[in-house]
Amino acid sequence: MKILVTGYPGLLTNDLVPILQEDHQVIPLSIEDLDITRKGDVFKTIENHLPDAVINCAGYTAVDQAEKDWEGAFQANALGAHHLALACRHFESILCQISTDYVFDGRINRPYQPWDSPNPINVYGASKLAGEFIVEKLLNRFYIVRLSSLYGKNGNNFVNTILNQAERGEPVVGVIDQIMSPTWSVNFSRGLVQILASGNFGFYHLTDRTDGGISWFDFAKAILKTRGLKREIRPITSKNLDRPAPRPPYSVLDTRYLTLATGYHPLHYQEALEQFLK
Ligand SMILES: NC(=O)c1ccc[n+]([C@@H]2O[C@H](COP(=O)([O-])OP(=O)(O)OC[C@H]3O[C@@H](n4cnc5c(N)ncnc54)[C@H](OP(=O)(O)O)[C@@H]3O)[C@@H](O)[C@H]2O)c1
């Protein structure tokens with residue numbers, strides 16, 4: 001397939017692009033190549049390349065900053081997706097929209113299914129939900145793939161932060177009252193390849209497997225243990241962090257339907273962490 005990828009470089013696309021390139025012709029686009037908030041440019045780019053599929057990894061991802069920048073978040077995450085959906089409809093490309101666990105409110109005590117009702121509790125989540133809604137309404141041939149708590153070799157992410165803090169001898173803290181499933185960008189990318197190959201359009205949840213979820217505190221413990229670092233981790237609550245954007249207390253995504261529909265078995269988070277740290 002000829003696949004156009006927006007949002008390059010980025011935490012996800014740094015791993016996604018080379019993995020897609022193993023089997024596909026890939027056109028990675030930076031914001032300088034294509035700003036998805038510009039409708040005319042989106043149409044021109046899709047017309048020039050006529051891709052079989054577009055994977056939209058571009059987005060406004062600063063969750064706390066979004067609380068004071070509704071317009072910025074909605075411009076990239078909703079209007080940008082809107083432009084891509086219109087252009088994909090016009091030029092008959094498949095659109096794969098990357099989304100988030102933050103579309104859910106976290107007031108549940110079991111992992112979320114792709115068909116559970118979203119109810120975002122922060123601006124970022126609301127803007128991503130708007131993007132999902134528009135893509136679903138405008139297209140028949142779409143995938144909406146939600147992930148959570150991404151980490152990978154490049155970019156700002158929890159695993160690197162914990163390792164840097166521990167190696168510099170700084171205090172390490174982990175939040176105990178947010179339960180999630182971490183996602184290694186390589187594991188996600190391999191799953192996405194299989195979703196694209198399936199032709200089973202629709203909604204998917206794709207994260208590392210945690211069997212019910214883990215807290216950031218537990219994940220920090222696993223990171224240090226896997227790296228062989230003996231450091232104390234202080235458990236803290238979300239309240240202690242006092243961040244502008246509230247986070248869902250429980251945002252574990254159930255990946256069983258993904259396995260049923262695509263045959264992809266996500267790695268267990270411990271295995272993913274071991275492979276990543278190697
Ligand atoms: N990271 C996570 O934990 C997480 C969790 C759930 C879902 N997701 C979703 O996964 C996707 C990828 O996330 P990520 O963490 O890899 O993001 P990232 O590292 O922040 O990368 C986002 C990319 O999008 C670009 N971009 C921003 N606005 C754009 C625009 N208007 N037009 C074109 N490109 C634009 C950014 O360019 P600049 O760097 O120049 O701004 C950057 O290249 C996003 O859809 C995000 O919502 C991420």
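**Stop 1: a loop residue**

Select Ser149, which sits in the loop between β5 (142-147) and β6 (150-151). Strands here are DSSP runs of E with at least two residues, helices are runs of H or I with at least four, and both are numbered from the N terminus. Before going on, note that this is a predicted model: local features need pLDDT of at least 70, side-chain atom pairs count only at pLDDT 80 or more, and totals for chains, interfaces and linings use all residues. Residues are numbered from 1 along each chain as its sequence is written.

Is Ser149 buried or exposed? Ser149 is buried, because 25 other C-beta atoms lie within 10 Å. The cut-offs are these: buried takes 20 or more other C-beta atoms within 10 Å of the residue's own, exposed takes 12 or fewer, and partly exposed is in between, with C-beta atoms placed from the backbone. Now check the backbone angle. Phi of Ser149 is near 45°, a positive value in a residue other than glycine. Most residues other than glycine have a negative phi, and most peptide bonds are trans.

**Stop 2**

Go to Asp211, in the loop between β10 (202-205) and β11 (214-215). Phi of Asp211 is also positive, near 55°. Asp211 is exposed, since it has 10 other C-beta atoms within 10 Å.

Next, select Tyr8 and Pro9. A cis peptide bond joins Tyr8 and Pro9, with omega at about 0°. Pro9 belongs to the loop between β1 (2-6) and α1.

**Stop 3: the whole chain**

Zoom out. How many helices and strands does the chain have? The chain has 11 helices and 12 strands. Its radius of gyration is 18 Å, close to the 19 Å that the globule rule gives for 278 residues, so the chain is as compact as a globular protein of that length. That radius is taken over C-alpha atoms, and the rule is 2.2 Å times the number of residues to the power 0.38. Along the principal axes, the C-alpha atoms fill a box of roughly 55 × 40 × 35 Å.

Buried residues make up 48% of the 278 residues. Now think about contacts: two residues are in contact if their C-beta atoms, placed from the backbone, lie within 7 Å. Among contacts between residues at least 6 apart in sequence, 80% join residues at least 24 apart.

**Stop 4: the nonpolar core**

Select Val5, Leu84, Cys88, Leu95, Cys96 and Val145. These residues have the most contacts inside the largest nonpolar core, which has 82 residues. Such a core is a set of buried Ala, Val, Leu, Ile, Met, Phe, Trp, Tyr and Cys residues joined through C-beta atoms within 7 Å. Which helix gives the most to this core? It is α4, with nine residues.

Keep Leu84 selected. Leaving out residues up to four places away in sequence, Leu84 touches Ile36, Val42, Val54, Asn56 and Leu95.

Move to Ala76, in helix α4. Ala76 counts as buried, because it has 23 C-beta neighbours inside 10 Å. Again leaving out residues up to four places away, Ala76 touches Ile36, Thr37, Ala58, Gly59 and Tyr60.

**Stop 5: around the ligand**

Show the 27 residues around the ligand; Gly7, Gly10, Leu11, Leu12 and Ala58 come nearest. A residue counts as near if its C-beta atom, placed from the backbone, lies within 6 Å of the molecule. The elements giving two or more residues to this shell are α4 (70-91) and β4 (94-100).

Colour the shell by class. It has 14 nonpolar, 11 polar and two charged residues. Nonpolar covers Ala, Val, Leu, Ile, Met, Phe, Trp, Tyr, Cys and Pro; charged covers Asp, Glu, Lys and Arg; the others, Gly among them, are polar.

**Stop 6: helix α7**

Select residues 185-198. Helix α7 has 14 residues and reaches 20 Å from its first C-alpha to its last, close to the 20 Å expected at 1.5 Å a residue. The expected span is 1.5 Å times one less than the number of residues. Buried residues of α7 include Phe188, Leu192 and Ile195. Just after α7, Gly199 takes a positive phi of about 70°.

**Stop 7: two last residues**

Find Glu22 in the loop between α1 (13-21) and β2 (25-29). Glu22 counts as exposed, because it has 9 C-beta neighbours inside 10 Å. Finish at Thr161, in helix α6 (residues 158-167). Thr161 is partly exposed, with 14 other C-beta atoms within 10 Å.
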